Amino acid sequence: MTSETTPETSELIAGLKPWIETESPTSDPARVNAMMDLATAELAAAGASVTRIPGRDGRGDHLSAAMPWGGDGPGVLVLCHLDTVHPVGTIAQLPYRQDGDRLYGPGTADMKGGAYIALKAAAAVGKDGTGRLPVRFVFTADEETGSKTSRTLIEESAKNARYVLVTEAGRDGGKVVTSRKGVGIYELTATGRAAHAGTSHADGRSAVVEMARQILAIEALTDRERGITLNVGQVHGGTVTNTVPERCVANIDLRVTEDRDFAGIDAALHALAPHDPDVTLSLTGGPNRPAYTKGPGIAALHEHAARLAAELGFPLEDLHTGGGSDGSFVANHVPTLDGLGVEGAAAHTINEHLYVSSMVPRMMLLRRLMETLS
């Protein structure tokens, strides 16, 4: 792909700017809803009918939208999320700016860039009257924390779909995703006994010490040969330095290549026993996203997309990745192609960026999929 900035690319860069500068961490529903306002405006301008689903449980609203062609029958479902992992204020450290082929900003790659070009692709199809199957969008507010309030919407929407396209960022040079690991999310709580660290240390039972031992046992369940990984990503414990900590909480991320491996790891986590008999353990959570496997329908969808990409002048290889996405909820029921968004790098970090040269080609690919799937 050329790094030359065309008028069409410049228009996309300018249009994406307010999306990136509207910070939308999952935990801030008002800010996520501001993003939903921007998406609603784009959808309305393209003639789409939009349904807004009010947020709940501390999360923002979701959107369901149908483009103005194709009727009510089974069609193409485009899955996008507008929440990010970046806390409010990140834009000061990671301002929206272009440096050569890199366009920086929180959420540029994951996944506002992909969502935006998908909307522009659909708008162009509608303007030129080249649509075939109905095209519908779902924009969600909580993908980054497991899609707890949007999963049902995603699964119900996919029941009226022949194909699902997911606008997560392209991987490793623009590859699309045709399989993903399954994901589990757990929280382990240790409860001990508080005591003054100076005058009554022996009376205390440290939840932090107990959790340190448990973390080693949890991480030891990792089996990379079988594609099973466990990661204790966050630990919170204690109150002040001079008090034996009564409580400690650890958040655990589980990834499996095959769904059948969930049961064994789940059983092992529930079997964790305290080393200190005066400390109790409590485990919540479980499998969150099933494994997404490349069956014949997904393989055929990828082959079709690869032919379109070749016509547009670039290759479109596929890969398996360990990350989960909303596509994981539906891929085992409806042919699903993921990673169709912009190419980018450093997602979830202070250097997140997309590649400008990918914006128009990936938009054109999405357009051609909307025009040719049947």
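## Overall build

A residue is buried when its relative accessible area is under 20%, exposed when it is over 50%, and partly exposed in between (1.4 Å probe, protein chains only). By that rule, 50% of the 374 residues of the protein chain count as buried. This is a predicted model: local features need pLDDT of at least 70, side-chain atom pairs count only at pLDDT 80 or more, and totals for chains, interfaces and linings use all residues. Residues are numbered from 1 along each chain as its sequence is written, and side-chain values use heavy atoms, with hydrogens and water left out.

The protein chain holds 9 helices and 18 strands. These are DSSP runs numbered from the N terminus (helices: H or I, at least four residues; strands: E, at least two). The C-alpha trace spans about 75 × 45 × 40 Å along its principal axes. Contacts are heavy atoms within 4.5 Å. Of those with a separation of 6 or more, 79% join residues 24 or more positions apart.

## Helix 7

Helix 7 covers residues 261-270, and its buried residues are Asp 261, Phe 262, Ile 265 and Leu 269. Viewed down the helix axis, they fall within an arc of 100°, so they line one face of helix 7. The arc is taken from the directions from the helix axis to the C-beta atoms.

## Largest pocket

The largest pocket has a volume of about 1100 Å³. Its lining has 37 residues, and the closest to the centre are Glu 144, Thr 145, Asp 253, Arg 255 and His 348. A pocket here is an open set of points on a 1 Å grid over the protein atoms alone, where a 1.4 Å probe fits, with protein on both sides within 12 Å along at least five of seven lines; lining residues have an atom within 4 Å of a point. Volume is the space filled by probe spheres set on the points, which are joined across faces, edges and corners.

Strand 14 gives the most to this lining, with 5 residues. Elements that supply at least two residues each include helix 4 (108-128) and strand 17 (344-345). By class, the lining has 11 nonpolar, 14 polar and 12 charged residues. Nonpolar means Ala, Val, Leu, Ile, Met, Phe, Trp, Tyr, Cys and Pro; charged means Asp, Glu, Lys and Arg; the others, Gly among them, are polar.

## Second largest pocket

The second largest pocket holds about 220 Å³ of space. Helix 4 gives the most to its lining, with 5 residues. The lining has 7 nonpolar, no polar and 4 charged residues.
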